[in-house]
Amino acid sequence: MVPIVDIQNYSFQYLISDQPALKNIDLQLEEGRFYSLIGPNGSGKTTLANAIRGFVPKFHVGDDQGDVYVFGQNMKDLELSDLADKIGFVFQNPFTQMSGSKNTVFEEIAFGLENLGLPVDEIIEKVNQIIYEADIEELRDKNPLELSGGQQQRVALAAVLVMEQPLMVIDEPTSQLDPQSTEDIFKMIEKVKKRGTTVLLIEHKIDQIAEFSDEVIVMDQGEIKLQGSPAEVFQSPLLKEIDVTIPTPAKLSLELYDHGIDFTDVPITIDDLCQQIVNHGRRRLNELDRG
Ligand SMILES: Nc1ncnc2c1ncn2[C@@H]1O[C@H](COP(=O)(O)OP(=O)(O)OP(=O)(O)O)[C@@H](O)[C@H]1O
């Protein structure tokens, strides 16, 4: 299968910087998978997302080498507007996403669909559906620019998800949200993935990343250091050399190890942890029976 995104030996250095933000990146994203991109602050995550959308180097200028292919086309041959109907992009700061010209959240979310020229009935149906899924009914008639940061974040995400582009690049959509809203946003993104959308999510919420991602990509100092399933990545000894935290169940298992409880695998999700505890209990009972 041809990857949706194919990055080949790509490096980029901002014009005003003295070191590269991306170094020799090779990355392929397959259709319909949910990828999470993690790494310490300044490791290059947003720059990589911007390279996939073409903002780097077309908007944020600098020197680049290598190639970024998206939907089989080299970004060098495309204008920024060429991919508007293929890539949904949620910015780190939701304020920058707002059109600034709409009086209500409903109109804000409808804006992109209007630009695509969809029939009014269809626009209303789609906007109502996403407002329901994003659980933002109480914001429907509010002015987008008067919302709190967390509310703007939900509206900005809804305004992109409603467009149903086949690739979503989402930069820290939950940074201003409480734990329950964070969980809701991940469930929403998972629903989008189930429609066949490819998702690249930049996030720091490790527990949800472990639970929802198909693959985790770890960046450090402009390079991709690790990539694999959540279990592969969060059990990798290489992670110790990078400043990223491990999921809470894995941390708990290390504490239990100090109390003599040794699991066969490091649990990554709460379900894994429960299963490992049950397995451990069974093993102990068998030992007691035999002993
Ligand atoms: N517009 C810019 N001009 C110059 N340097 C930049 C620019 N944007 C980012 N950088 C630098 O590029 C490097 C990578 O930054 P980037 O924002 O991609 O990292 P990040 O992993 O997304 O960080 P964070 O988690 O803090 O958002 C950093 O050293 C940063 O200071």
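# Chat about a predicted model

Reader: Which residues touch the most other members of the largest nonpolar core?

Author: Ile109 and Ala158 do, in a core of 74 residues. Keep in mind that this is a predicted model.

Reader: And which helix gives the largest share of this core?

Author: Helix H6, residues 149-161, with seven residues.

Reader: What is Ile109 in contact with, leaving aside its neighbours within four places in sequence?

Author: The list is Val127, Ile130, Ile131, Val155, Ala158, Ala159 and Val162.

Reader: Is the crossing left-handed or right-handed?

Author: The crossing of H4 and H6 is right-handed.

Reader: Which residues make the contact?

Author: From H4, Val105, Glu108, Ile109 and Gly112; from H6, Val155, Ala158 and Ala159. By class, that contact has five nonpolar residues, one polar and one charged.

Reader: Which residues of H4 are buried?

Author: Val105, Glu108, Ile109, Ala110, Gly112 and Leu113 are buried. What covers them includes H6 and helix H5, residues 120-133.

Reader: What comes just after H4?

Author: Gly117, with a positive phi of about 80 degrees.

Reader: Which residues other than glycine have a positive phi?

Author: Glu164 is one, with phi near 55 degrees. Glu172 is another, at about 45 degrees. For background, most residues other than glycine have a negative phi.

Reader: Where is Glu164?

Author: Glu164 is in the loop between H6 and strand S7, residues 167-171.

Reader: And where is Glu172?

Author: Glu172 sits in the loop between S7 and helix H7, residues 179-194.

Reader: Why does Glu164 count as partly exposed?

Author: Because Glu164 has 16 C-beta neighbours inside 10 Å, and a residue needs 20 or more to be buried.

Reader: What about Glu172, buried or exposed?

Author: Glu172 is buried, because 20 other C-beta atoms lie within 10 Å.

Reader: New topic. Which peptide bond is cis?

Author: The one from Val56 to Pro57 is cis, with omega near 5 degrees. Pro57 lies in helix H2, residues 55-58. In general, most peptide bonds are trans.

Reader: Now the ligand. How many residues surround it, and which are the closest?

Author: There are 13 residues around the ligand, and the closest are Tyr14, Ala21, Asn41, Thr46 and Thr47. Helix H1, residues 45-53, provides the largest share of this shell, three residues.

Reader: How do the shell residues divide into nonpolar, polar and charged?

Author: Three are nonpolar, nine are polar and one is charged.

Reader: Last one, the start of the chain. Where does Met1 lie?

Author: In the segment before strand S1, residues 5-14.

Reader: Is Met1 buried or exposed?

Author: Met1 is exposed, because it has 7 other C-beta atoms within 10 Å.

Reader: What is Met1 in contact with, beyond its neighbours within four places in sequence?

Author: Glu30 and Glu31. Met1 and Glu31 are 30 residues apart along the chain, and their C-alpha atoms are separated by 8.5 Å.

Conventions:
Residues numbered from 1 in each chain as written. Predicted model: local features only at pLDDT ≥ 70, side-chain atom pairs only at ≥ 80, totals over all residues. Core = buried A, V, L, I, M, F, W, Y, C linked by C-beta atoms within 7 Å. Buried ≥ 20, exposed ≤ 12 C-beta atoms within 10 Å, placed from the backbone. Helix = DSSP H or I, 4+ residues; strand = E, 2+ residues; numbered from the N terminus. Contact = placed C-beta atoms within 7 Å. Near = placed C-beta within 6 Å. Nonpolar A, V, L, I, M, F, W, Y, C, P; charged D, E, K, R; others polar. Left-handed = near helix turned anticlockwise from the far one by under 90°.
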